Amino acid sequence: ANSRIGELETDLAAAKREAAAAEAQSQSSLLEKGQQIVSLQLQIKQLEEKAAKHSAEAEMSKSKHGRADQELEGFKAALAQERKERADESAASRQQIADLQKRIDDMGDKKRRSSSDFQAQLDKLAADLASKTREATNWETEAAKLKKELSGQEASFSEWKTRIEAINEYILKICQPQFSVVKDESLAPIAPTGDPAASGQEGYVLVPLPLMLQGYTLLPQELKKKIANEYEANKKDFAAAIPRRASRN
């Protein structure tokens, strides 16, 4: 009996141990299940949040699509209005083009009708222009000729003026009271009157040879030639007269 009680106690202790182990295992399994439940609850919450977010985005997208549809309808209406206005403008432009073409045709008809008159006027204008051009050319030629003659006249006048001034200066040089006055070739001196402008005075003035030669240079070429010829003739007469005078002496 004691042996049997000991076996029963041993079996009871083993059963307790097994029950404790089973309880511990059960507790661990329950804890694990609880953790799994909590994890599943978190996942469900996240899914619900995502679902709520997607639902909100879907609502916003729907609202945006609604506004886009409204804008599209507005654009369609504006496009239709623009097309209508362009069609009206195109019709008006075609009418304007037709009017302009008619005016051009009318002007062409008028131009063709008046082409002969216009050509005649054009020919007349061309002839007048050619005539005026010839006249202008003749005037230019005549003006150049007159300008050349004027230039020559001015040069001649300047030369004449210079010569007159030189002659006047020469006359002042020969009209000197200190020059000797003689009666004739005998060189007999005479006393001139005090008035150089008095009439009836006779005699010759002995002018220095350089002064006389200066007056010779002022003469024109034809007078120089005439005086040279007279000088040569007088020189011959004077040479012929010298022997006669010597014989008389």
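Me: Helices (H or I, at least four residues) and strands (E, at least two) are DSSP runs, numbered from the N terminus. What does the secondary structure of the protein come to?

Reply: Four helices and two strands. Along the sequence they follow the pattern α-α-β-β-α-α. This is a predicted model, where local features need pLDDT of at least 70, side-chain atom pairs count only at pLDDT 80 or more, and totals for chains, interfaces and linings use all residues. Residues are numbered from 1 along each chain as its sequence is written, and side-chain values use heavy atoms, with hydrogens and water left out.

Me: What makes D128 and K124 a salt bridge?

Reply: The cut-off is a side-chain nitrogen of Lys or Arg within 4 Å of a carboxyl oxygen of Asp or Glu. The closest N and O atoms of D128 and K124 are 3.2 Å apart, so the pair qualifies. Both residues lie in helix α2 (residues 115-174). They are four residues apart, about one turn of the helix.

Me: Why is K124 called exposed, and D128 partly exposed?

Reply: Buried means under 20% relative accessible area, exposed over 50%, partly exposed in between (1.4 Å probe, protein chains only). K124 has 53% relative accessibility, so K124 counts as exposed. D128 has 34%, so D128 counts as partly exposed.

Me: How many salt bridges does a search of the whole structure find?

Reply: Four. Among them, E135 pairs with K132, the closest N and O atoms being 4.0 Å apart. These two are three residues apart in helix α2, about one helical turn. E135 has a relative accessible area of 37% and is partly exposed. K132, at 53%, counts as exposed.

Me: Which residue forms a salt bridge with K173?

Reply: E169, with the closest N and O atoms 4.0 Å apart. K173 and E169 are four residues apart in helix α2, about one helical turn. K173 has 31% relative accessibility, so K173 counts as partly exposed. E169 has 47%, so E169 also counts as partly exposed.

Me: What is the nearest side chain of opposite charge to K224?

Reply: E222, 9.5 Å away. K224 is buried yet has no salt bridge. Buried residues make up 4% of the 249 residues in the protein.

Methods. Lys, Arg positive; Asp, Glu negative; His and termini not counted.
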